[in-house]
Amino acid sequence: MNKVIKVLKPVRSGRKSIDRGRALVAGGAGFLGSHLCERLLSDGYEVIALDNFHTGKRYNLAGIARDASFTCVSHDVVDTLPMDIAVDEIYNLACPASPPHYQADPIHTFKTSVLGAINLLELARRHNAKIFQASTSEVYGDPLVHPQPEGYFGNVNTHGPRACYDEGKRSAETLFFDYSRTYGLDIRVARIFNTYGPRMQPDDGRVVSNFIVQALRGDDITVYGNGTQTRSFCYVDDLIEGFVRLMRSPAAPKHPVNLGNPGEFTVMELAELVLDYTNSRSRIVHRPLPVDDPRQRRPDITFAEQQLGWQPKIALSEGLAYTAGYFEALLGRQQPGTSRGGHLSSGEALAL
């Protein structure tokens, strides 16, 4: 039986009175999902967050749980969904996104991407709901084309340790477009590039959180390989704006849409920036490069710029300051709610 969970929080202020309908956010207690739930509530939606809490955290929802327009349901999208959840929009963010988490149970990760997509697509079909798929830049693998446009088919190892996530997301994209062609479903598919910000987990194994946590604790900064591999880092607020614009676009794009920050940095550049923003004396040490780790990653966001009017606004230097401040509070370096780097909202402070 589904269990409805209400997490305590102060009543929100400044809510808009516009009633945009009801949205379901699968993976709503996760890093991105919790930010999306807040944004949709502030835009006037009634929001249902659905999560199995394997990697999502209840405290991520502390800032919105008492909102009368918010409900949280404990459920795994791999299992059959109750078809009586009447919704107008569905956002599918239900899948572990960091390598340690998605590799911990690779079969369940693949099931989440494939069976979860089918269950949510069937729910959308039943209620004629618009549905959004959070895909990933990992579908490009270790790319031979740089930067990566949506038309690039990728260079992916189908049987490596990352394949449960990479191929699961590729399969989900296939399902979404097949449902659109077969049933006329209104789908939106975003390919997300590296994103960071408050509510990342300190143990999620992603490069930004790894470096910040290591720096704040005074541990060695672990750089895999020689550090010349590149990444593009998008702050969470910018990404959520991209989600909303893609979902509200009058016409559904006929292909996935890249969402990410086209600014490109080497991993060594990121490590040095983190040391600077945390005033850390940690040393940078090198370890062997993981299997199938991409050498380059940068989105071509021409379509999003031209068709959605979207581009990131928050520079890496600004976003790192906010994120370092969040982790300072999370790790007990200072009282939650204050930050050397950036302001934490009341919801974020309570979530600690």
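Predicted model: local features only at pLDDT ≥ 70, side-chain atom pairs only at ≥ 80, totals over all residues.
Arg199 counts as buried, at 2% relative accessibility; buried means under 20% relative accessible area, exposed over 50%, and partly exposed in between, with a 1.4 Å probe and protein chains only. Arg199 is found in the loop between β8 (195–196) and α5 (207–217). Helices (H or I, at least four residues) and strands (E, at least two) are DSSP runs, numbered from the N terminus. The phi of Arg199 is near 85 degrees, a positive value in a residue other than glycine.

Residues are numbered from 1 along each chain as its sequence is written, and side-chain values use heavy atoms, with hydrogens and water left out.

Asn279 sits in the loop between α7 (267–278) and β14 (284–287). Is Asn279 buried or exposed? At 59% relative accessibility, Asn279 counts as exposed.

One further backbone feature concerns a proline. The peptide bond from His146 to Pro147 is cis, with omega near -10 degrees. Pro147 belongs to the loop between β6 and α4.

Let us turn to strand β7. Six of the six residues of β7, residues 187–192, are buried, so this strand is largely enclosed by the rest of the structure. In a regular strand the side chains alternate between the two faces of the sheet. In β7, Ile187, Val189 and Arg191 point one way, Arg188, Ala190 and Ile192 point the other way, and all are buried.

Which strands pair with β7? Two strands pair if DSSP finds at least two bridges between them. Strand β6 (residues 130–136) runs parallel to β7 and is joined to it by six bridges; within this pairing, Ser135 has Arg191 as its bridge partner. Strand β12 (residues 257–259) also pairs with β7 in the parallel sense, over three bridges, and here Ala190 stands opposite Val257.

Together with helix α4 (residues 163–183), the two strands make a right-handed β-α-β unit. A crossover is right-handed if, with the strands pointing away from the viewer, the path from the first strand over the helix to the second runs clockwise.

A polar atom of the Thr182 side chain lies 2.8 Å from the backbone oxygen of Asp178. A polar contact is a pair of N or O atoms within 3.5 Å; within protein, one must be able to donate a hydrogen and the other to accept it, and residues adjacent in sequence count only if both atoms are side-chain atoms.

Two other helices can be described by their spans. The expected span of a helix is 1.5 Å times one less than its number of residues. For the 13 residues of α6 (residues 236–248), this should give 18 Å, and the end C-alpha atoms are 18 Å apart, which agrees. Among the buried residues of α6 are Leu239, Ile240, Phe243 and Leu246. Helix α1 (residues 31–42) has 12 residues and reaches 18 Å from its first C-alpha to its last, close to the 16 Å expected. Helix α1 is mostly covered, with 10 of its 12 residues buried, including Phe31, Leu32, His35 and Glu38. Just after α1, Gly44 takes a positive phi of about 100 degrees.
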